[in-house]
Amino acid sequence: AGLAVLGLLEAIALLLCLPGYSTMEYAAGALFGGLFGVAACTLAKGMAAVVAFVLIRLLRDSWLGREIERRTAAAGSTGGGRSWAERIKTGIERDSFKFCLLMRCSPLPAFVSNYALPLAGVPFWTYLPASMIGMLPPIALNVYAGATAASVGMAIAGKGNDSAGDIFLGVFAAGLSILSSTMLARQLYSDDARQEAAAAAAAPDA
């Protein structure tokens, strides 16, 4: 019951674009262990992603849809010449599955991906599998961090809980998240460079 409550709270926090939702993942790992924590948080995030997709499709032209778009753009803004929405659309046009996967694996807030990808026009059957696969490394990183902290605390208290496996899986998940963040940043800047080169080529000579 406790694990289900944590999952429900995380899903609600994601739908409302509230910061701090990852606290639920740390708590799930600390209280219920890595495996059960990852399973519950993946289910919660998957449900939130599906509901967000449906909301965007139904409410995109409403006041609520515009407010969601504004908050998503503000949360995901990286600065630079082009808007966040334009960068996402360019990445989606090149390879929608790969771009969705990289966004999900990166440390960007999950609610940004939940709303930004449907707003960019990603088809549901690309959005869902890319989301479910891509969200696993960040979830595992947070859940196993919580599990490791709990294991270390128990070891210090003399209860002899071995945390080596949790540490290894947490480090592996962190490596995947860092790698995907680097690839996403490179793709965004590469797309910007292409857009600038195309604009310069199309501009009339002075």
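Which residues touch the most other members of the largest nonpolar core? The views below start from this point. The structure is a predicted model, in which local features need pLDDT of at least 70 and side-chain atom pairs count only at pLDDT 80 or more, while totals for chains, interfaces and linings use all residues. Residues are numbered from 1 along each chain as its sequence is written, and side-chain values use heavy atoms, with hydrogens and water left out.

**View 1. The largest nonpolar core.** Ile88, Ile92, Leu117 and Tyr127 touch the most other members of this core, which has 28 residues. A nonpolar core is a set of buried Ala, Val, Leu, Ile, Met, Phe, Trp, Tyr and Cys residues joined through side-chain atoms within 4.5 Å; buried means under 20% relative accessible area, exposed over 50% and partly exposed in between (1.4 Å probe, protein chains only). At least two residues each come from α1 (2-15), α3 (34-59), α5 (84-94), α6, α7 and α8 (124-134). Helix α7 gives the largest share, 7 residues. Helices (H or I, at least four residues) are DSSP runs numbered from the N terminus.

**View 2. Leu117 and a second core.** Leaving out residues up to four places away in sequence, Leu117 touches Ile92, Cys100, Met103, Arg104, Val112, Val122 and Tyr127; contact means heavy atoms within 4.5 Å. A separate second core has 11 residues, among them Ala28, Val38, Cys41 and Ile139.

**View 3. Ala52 in helix α3.** Ala52 belongs to helix α3 and is buried, at a relative accessible area of 0%. Residues up to four places away in sequence aside, Ala52 touches Leu15, Asn114, Tyr115 and Tyr127.

**View 4. Asn142 in helix α9.** Asn142 is part of helix α9 and counts as buried, with 13% relative accessibility. Neighbours within four places in sequence aside, Asn142 is in contact with Ser22, Glu25 and Tyr26.

**View 5. The largest pocket.** About 210 Å³ of space lies in this pocket. A pocket is an open set of points on a 1 Å grid over the protein atoms alone, where a 1.4 Å probe fits, with protein on both sides within 12 Å along at least five of seven lines; lining residues have an atom within 4 Å of a point. Of the 16 lining residues, Tyr21, Ser106, Pro107, Leu108 and Pro138 lie nearest the centre. Helices α6 (96-105), α7 (110-119) and α9 (136-156) each give two or more residues to the lining, and α9 provides the largest share, 3 residues.

Definitions and conventions: Points joined across faces, edges and corners; volume = space filled by probe spheres on them.
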